[in-house]
Amino acid sequence: MSKAVTIFDTTLRDGTQGEGISLSADDKLKIAKKLDQLGVHYIEGGIPGSNSKDIEFFKRVQELGLSATVTAFGSTRRKDSIAEHDPNLKRILESGAKATSLVGKSWDFHVHTALQTTLEENLAMIYDSIAYLKREGMEVLFDAEHFFDGYKNNPEYALAVMRKAEEAGADWLVMCDTNGGTMPHEVYEIVSVLAGRVTTARLGIHTHNDCELAVANALNAVRAGAQQVQGTMNGYGERCGNANLCSIIPNLQLKLGYDVIQPEQLQQLTNTARYVGEIANVHMPVGQPFVGTAAFAHKGGIHVSAILRDSRTYEHIAPETVGNRQRVLVSELAGQSNILSKAQEMGIQFDPENEETRQVISKIKDLEHQGYQFEGADASLELLLRQANGELKELFVFESFKMLVEKSAGKPVVSEAFIKLNIDGNSLYTAAEGNGPVNALDNALRKALISYYPALKDIHLSDYKVRVLDDKDATASKVRVLIESKDATNSWSTVGVSGNVIEASWEALVDSLRYALLGHTKLEYEEVVSAAQGLVNH
């Protein structure tokens, strides 16, 4: 048996059936290009003629010159008709795609209930459709819908369907666990029956994740003889999703020793997964295996101490293999190793024997106990570490702020902030309106600081999140505010905690601007240190 496995990506078709996912033609073309760079072998683009987006996709994708085989999806001819006259099959041929994924029924229950036809007519529908497309020069992948349910209910008929598809000339016979309810041992046993015994055709596997087993089922199918895996990036798909190619590809290649994509392409896996997530506008779970931001993140002090000696102690692969990276988290579970690792990552020198280091650890644990969370606010953490190391100067001395929120009948809410600061001995009083109190506060603070720190004009808030930490006090509960900010090239997150959402927002907001100016203040610190060293040397 060949150790090569072909990857068939159906993100642009089956993936878009997932709740909340909608891709424009431009989106599909961008993702197709990215998938091609990753090295997938087939890209299923959609159903030709079903909607304007798919029509446009198949028209424009030819211009991209992809190495992958662009595939059109469709179903067998209608019952009691002629394949050459079937509009669905004609649209497949007119799409310009070189291959088609053709779905047909393999469960006798579906033939009777969904198609409302005879078992013999269903076999004729499969044979006629495949034979017609083959005569027209297309590569045909036959997707046997509900194959595993069909086999368990009537194995003779399910196998007859596969033989009929092979007889018609199908290039691939793809076994579909359409309802996602088959167990891994069942998949292995059933695929083993087909592989090399019932058919000599190349076999594929298409699994759904309704029992959280899509990846396991796909891997078992390959072990039993399947040579192609169909799935989606990040596991997008109807109901609970499809088999996640972000897990399948590295498991096949790194764990089971199959040839799937080139090693340098595998290093693009994390970037591709996150790119597709951005285009689809779907938040990726941080704990997603291999490609999630937490996939190689370490929090416990004992773990961090070990990985600093050898990352293999708590990492099953080198994260760089799949384009990810190791992260050390700092929290109430942090030990000295966490702080030293994080400081080293940020270019901060901490002496592990220094009392200062122990004090920083103690302070972080106390802040986390109060509700701060530095895992998602690296910028606030860096400010804390640099401040403990004596690298930061204060941007300003805070004196006070006041908020005015006014709502009149029939008019929108008006928010205004008033701030008093002292910068280099100069007292400043500014006021600004905004779209809500936090925006007003942000505008007033920038208005006060901009003449002293012009770099702030290029900074803007890109995200704002509030979380109630303990709801037992209802509206008086303590809240945590996370703010994400961006400039032309970077983004960073800061955190604030208080029983008052405005105060928590203020804290995160000030940290955001302090971090934006970190390069300037750090430079001044380095200049002072350099000058002091020069005096000592003389």
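Which residue caps the N-terminal end of α18? In this predicted model, the cap is Asn-500, with a side-chain oxygen placed 2.8 Å from the backbone nitrogen of Ile-502.

Helix α18 covers residues 501–516. Its 16 residues, at 1.5 Å a residue, should span 22 Å, and the end C-alpha atoms are 22 Å apart, which agrees. Ile-502, whose backbone nitrogen takes part in the cap, is one of the buried residues of α18. The buried set also includes Trp-506, Leu-509, Val-510 and Leu-513, along with Asp-511 and Arg-514.

Turning to aromatic rings, the structure holds nine aromatic pairs. In one of them, Phe-57 and Phe-58 have ring centres 5.3 Å apart and planes at 80°; the pair is therefore edge-to-face, since an angle over 60 degrees counts as such. Phe-57 has 0% relative accessibility and so counts as buried. Phe-58 is buried as well, with a relative accessible area of 3%.

Trp-107 and Phe-109 form a tilted pair, with 5.1 Å between centres and 50° between the planes. Trp-107 is buried, at a relative accessible area of 15%, whereas Phe-109 is partly exposed, at 43%. Elsewhere, Phe-147, Phe-148 and Tyr-151 form one aromatic cluster.

Two lysines lie over the faces of tyrosine rings, as tabulated here.

| Lysine | Ring | Distance from ring centre |
|---|---|---|
| Lys-3 | Tyr-258 | 4.2 Å |
| Lys-34 | Tyr-275 | 5.0 Å |

Notes
Residues are numbered from 1 along each chain as its sequence is written. This is a predicted model: local features need pLDDT of at least 70, side-chain atom pairs count only at pLDDT 80 or more; totals for chains, interfaces and linings use all residues. Side-chain values use heavy atoms; hydrogens and water are left out. Helices (H or I, at least four residues) and strands (E, at least two) are DSSP runs, numbered from the N terminus. The expected span of a helix is 1.5 Å times one less than its number of residues. Buried means under 20% relative accessible area, exposed over 50%, partly exposed in between (1.4 Å probe, protein chains only). A polar contact is a pair of N or O atoms within 3.5 Å; within protein, one must be able to donate a hydrogen and the other to accept it, and residues adjacent in sequence count only if both atoms are side-chain atoms. Rings of Phe, Tyr and Trp (its six-membered ring) pair if their centres lie within 6.5 Å; planes under 30 degrees apart count as stacked, over 60 as edge-to-face and the rest as tilted. A charge sits over a ring if NZ of Lys or CZ of Arg is within 6 Å of the ring centre and within 35 degrees of the ring normal.
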